[in-house]
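Biologist: Please take a close look at the salt bridges in this model, and take the residues one by one. Then go on to the ligand.

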Amino acid sequence: MPRTLDLMAPEVRANPYPLYAELRHTGIRQVEPGGMWAVSRYEDVVAVMKDPRRFSSAGLGQGFLPPWLPRNPVTESLVMKDPPVHTRLRGRVSRAFGPAALAALEPRIRALAEQLTEQLLLQQGPVDFMARFALHLPVSVLGLLFGLEPQQYPRLKEWADDLVNLPAGRHSPEEQVRVRESLASLERCFAELIQTRRESPGDDLVSELLRPDTDGSVLSQEEIMSFLFALLPAGVETTVYLLANTLAVLSERPEERARVLADRSLIPRLLEEVLRYEPPGHSSLRLVTEETELSGVHLPRGAIVVVLLAAALRDEGHFPQADQFLIDRERASHLAFGHGVHYCLGAMLARLEARLGLEALFSRLQDFSRTSDPLHWAPSLIARGPLALPLQLIPAPPLR
Ligand code: HEM
């Protein structure tokens, strides 16, 4: 029996799965922090995510606009809107993440992944996979998408961190000033970018967003700004953790590690099982819009529901042997990219990035091992991944 029902307790963040099992057993109930209602069974999670009328995504916006921040465009983005506003925005931006756009990006992402692998292998002794590889790939891909200069990529990562840390962060007065200035400078950077692309369009995401739709409708400056803002928290941390969680899981499983290093065609299956077993997008939030009942539990209007995707992904009713990591698992639909109208817009891109990253890396490795135990996990409820991942890499012998 877990000692606490506080989702943010350090021992729960270190290993949340025993508490998730308990929650699935007891059903929907209130937890800390904040007396949110935790939804953990597969069927209940699906029910919440496919019903934006009763469970609004405005719940997500609450943490992103603390009283000391005058404005934050991310709260106006599609992630935090419900239909019909969401439907219009989503319809308008989807094309930029479709198969044609991704096919054009693929060779550039592969080149990035090979370059990062090369740099990683230059390191002697243990290396922090997070700092040296996982962090760089998704940030650089967003930089490519935005059409930014490579020297601006590190700043992109800082901006993403400032946004991601808003909901959980305890910001000192000095930090508040710094974050206010940081987000204002992000807005200036995007405003310049939008202006540049208005004057001379290219083949990047911003130019695509500026193009009128087939019916002649266009996105406003504010709508483009809020979408670009949203891509930072949505597209960086999640994909960084997918890469890191994959290596973390493999570092504990010599047999599976040997299999995937020997046969890289297994990488897509491997990634799907990591997404289920140690999901980087760990949970989401919803706001209850009217007094309602879910699986026999009464939820008051205004309540916040924490949708525990990671708990649902270990639900035995949907995934036999749910606590086992099985690369050969028969595929069942999983919720790692959400469900319903907000299903992750970047799911194909994230899978592509992670696959190309691992293909580049595994093609150059004979083996690897972890050099520190236990892992320290990011203190976040929304995303799960290690703060650092020190690895000893054993390069593959050069091909003759
Ligand atoms: C492994 C990596 C990723 C995971 C696990 C992930 C997970 C998720 C989840 C669970 C949602 C639904 C949130 C909700 O319903 O409240 C979501 C939405 C979203 N994701 Fe991802 N994501 C990943 C990568 C990306 C990338 C690379 C991008 C873009 C660069 C992206 C862009 C988005 C956007 C724009 C939405 C909102 C869609 C909407 O509201 O209609 N994601 N993601």
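Modeller: Asp 51 has a relative accessible area of 16%, and because the limit for buried is under 20%, Asp 51 counts as buried. This value, like the others here, is computed from a predicted model. The partner of Asp 51 is Arg 54: the two form a salt bridge in which the closest N and O atoms are 2.7 Å apart. Arg 54 has a relative accessibility of 17%, so Arg 54 is buried too, by the limit of under 20%. A salt bridge requires a side-chain nitrogen of Lys or Arg within 4 Å of a carboxyl oxygen of Asp or Glu, and the 2.7 Å between Asp 51 and Arg 54 meets that limit.

The next pair is Arg 155 and Glu 158, whose closest N and O atoms are 3.0 Å apart in a salt bridge. Both residues belong to helix 9, which covers residues 153-164. They are 3 residues apart there, which means that about one helical turn separates them. Arg 155 is partly exposed, at 28% relative accessibility. Glu 158 is also partly exposed, with a relative accessible area of 42%.

Another salt bridge joins the side chains of Lys 81 and Glu 76, at 3.2 Å from N to O. Glu 76 has a relative accessible area of 47% and is partly exposed.

Salt bridges can also be linked to one another. Glu 106, Arg 110, Arg 355 and Glu 359 are connected in a network of salt bridges. Altogether, the structure holds 27 salt bridges.

Now to the ligand. It is surrounded by 29 residues, and the closest are His 86, Arg 90, Ser 284, His 342 and Cys 344. For His 86, a polar side-chain atom lies 2.6 Å from an oxygen atom of the ligand. In the side chain of Arg 90, an N or O atom is 2.7 Å from an oxygen atom of the ligand. His 342 has a side-chain N or O atom 2.6 Å from a ligand oxygen atom.

Several elements each supply at least two residues of the shell around the ligand: helix 5 (85-93), helix 12 (221-251), strand 5 (284-288) and helix 16 (347-362). Helix 12 gives the largest share, 6 residues. Sorted by class, the shell has 18 nonpolar, 9 polar and 2 charged residues.

Key
Residues numbered from 1 in each chain as written. Predicted model: local features only at pLDDT ≥ 70, side-chain atom pairs only at ≥ 80, totals over all residues. Heavy atoms only, no water. Near = heavy atom within 4 Å. Polar contact = N/O pair within 3.5 Å; in protein donor to acceptor, adjacent residues only side chain to side chain. Helix = DSSP H or I, 4+ residues; strand = E, 2+ residues; numbered from the N terminus. Nonpolar A, V, L, I, M, F, W, Y, C, P; charged D, E, K, R; others polar. Buried < 20%, exposed > 50% of the residue type's maximum accessible area, 1.4 Å probe, protein only.
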